[in-house]
Amino acid sequence: MLKLLSGSASVALAGRIAESLDVELTCCDVERFPDGELVVSVGVDVRGDDVYLVQSTGPPVHEHLMEVFLLADACRRAGAVRLTAVVPYLGYARQDRRTAPGEPVSIRVIGELMAASGVDRVLVVDPHNPTVEAIFGIPVQRTTAIGVLVSALADELLDDAVVVAPDLGAVNLAEQYAAELGHPVAIMRKTRVSGEEVEVNEVIGDVRGRIPVIVDDMIATGGTIASAVHALIDTGSVEEVLVAATHGLLLAPERFEGLPLRRLVVSDTVPPPADLPLSMEVVTIAELLGEAIERLHGGRPLHELAAWR
Ligand code: R5P
């Protein structure tokens with residue numbers, strides 16, 4: 001039997017998934033010992049069940065990851081026959097290679113810990129890099145929010161728009177958006193100066209007089225988007241920018257102040273920050289994930305669900 005569980009990070013999204021699947025959702029108990037250790041409990045009988053545990057791993061990243069590990073162990077010990085961690089936003093995915101001597105490949109460690117704690121497979125939405133499939137020892141099923149975000153953007157038909165990849169890592173994503181929206185692509189070369197600061201080195205493609213639609217897998221501090229907007233305007237784009245990203249962490253919303261944003265659209269892989277001092281549209285991926293879970297439960301492939309490369 002399919003059982004849907006939620007960790008503390010994704011209660012609202014898991015509720016929407018439960019509605020779309022028409023199944024009951026169990027929100028697992030997550031308490032804390034005085035020394036800060038987590039004490040979790042599944043809270044429902046999962047013996048013999050095909051369990052789907054929904055838990056995004058946005059901030060606080062370590063707490064949310066630890067919940068996945070502990071709840072996975074709890075499910076195994078309680079007799080679940082199969083456990084899929086549904087991790088709409090996979091933290092640490094950006095640390096998929098060593099950029100300097102002495103660094104780990106952190107996402108590999110996360111994959112090892114998931115497997116060691118009893119997770120059989122992981123379902124993710126737009127992971128930072130699809131190579132996570134090769135890095136994890138357990139199967140990774142991925143789907144994409146591009147279709148949902150494109151539907152939101154396409155509400156407003158734009159003449160003379162250009163889809164912009166704010167760095168080379170986003171080119172594939174931008175091409176997928178551009179194919180759906182029917183606009184050309186421009187690409188930026190960016191250098192990361194620090195965790196918060198980036199520099200745009202070059203804008204490749206014709207943005208002059210066009211409305212930019214910047215697309216990215218995630219917005220963390222917003223440094224990438226802010227630098228991209230400035231560089232586009234300096235290069236002669238229209239001073240009205242659209243931004244779409246799957247994961248809207250928005251850790252430093254003040255960076256968007258004063259930017260000429262016409263629309264900022266994200267999905268609900270992570271809960272939107274409270275009291276955001278800017279207008280942001282949040283579209284839900286609940287139906288997409290519901291359909292993905294239904295397919296996984298029934299042993300059907302995901303690739304026809306949402307086209308991805
Ligand atoms: C980086 O390669 C990612 O695709 C995003 O562009 C980046 O993580 C966004 O981070 P921030 O908003 O802090 O610039």
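Q: What volume does the largest cavity have, and how should I read such a feature?
A: The largest cavity has a volume of about 40 Å³, a value computed from a predicted model. As a general idea, rolling a probe the size of a water molecule over the atoms shows where empty space is left. In this structure, a search of the whole model finds one cavity of 30 Å³ or more.

Q: Which residues line the largest cavity?
A: Its lining is made up of Tyr89, Leu90, Ala93, Asp126, Pro127, His128, Asp217, Met218 and His247, and these divide into five nonpolar, two polar and two charged residues.

Q: How do I read a helix, and what span does H8 reach?
A: An α-helix has 3.6 residues a turn, so residues three or four places apart point the same way. Helix H8, with twelve residues, reaches 16 Å from its first C-alpha to its last, which is close to the 16 Å expected at 1.5 Å a residue. Just after H8, Gly299 takes a positive phi of about 70 degrees.

Q: Which residues of H8 are buried, and what covers them?
A: The buried residues of H8 are Ala286, Leu288, Leu289, Gly290, Ala292, Ile293, Arg295 and Leu296, where buried means under 20% relative accessible area. The elements that cover them include strand S1 (2-6), helix H1 (11-21), strand S5 (50-54), strand S6 (82-87), strand S7 (121-125) and strand S8 (140-143).

Q: Which members of the largest nonpolar core touch the most other members?
A: Among the 44 residues of the largest nonpolar core, Ile17, Leu123, Tyr177, Leu289 and Ile293 touch the most other members. Helix H8 (residues 286-297) gives this core its largest share, six residues. Leu289, leaving aside residues up to four places away in sequence, touches Leu13, Ile17, Val86, Pro88, Leu123, Val125 and Thr143.

Key
Residues numbered from 1 in each chain as written. Predicted model: local features only at pLDDT ≥ 70, side-chain atom pairs only at ≥ 80, totals over all residues. Heavy atoms only, no water. Core = buried A, V, L, I, M, F, W, Y, C linked by side-chain atoms within 4.5 Å. Buried < 20%, exposed > 50% of the residue type's maximum accessible area, 1.4 Å probe, protein only. Helix = DSSP H or I, 4+ residues; strand = E, 2+ residues; numbered from the N terminus. Contact = heavy atoms within 4.5 Å. Expected span 1.5 Å × (residues − 1). 1 Å grid on protein atoms, 1.4 Å probe; cavity = no way out; pocket = protein on both sides within 12 Å on 5 of 7 lines; lining within 4 Å. Points joined across faces, edges and corners; volume = space filled by probe spheres on them. Nonpolar A, V, L, I, M, F, W, Y, C, P; charged D, E, K, R; others polar.
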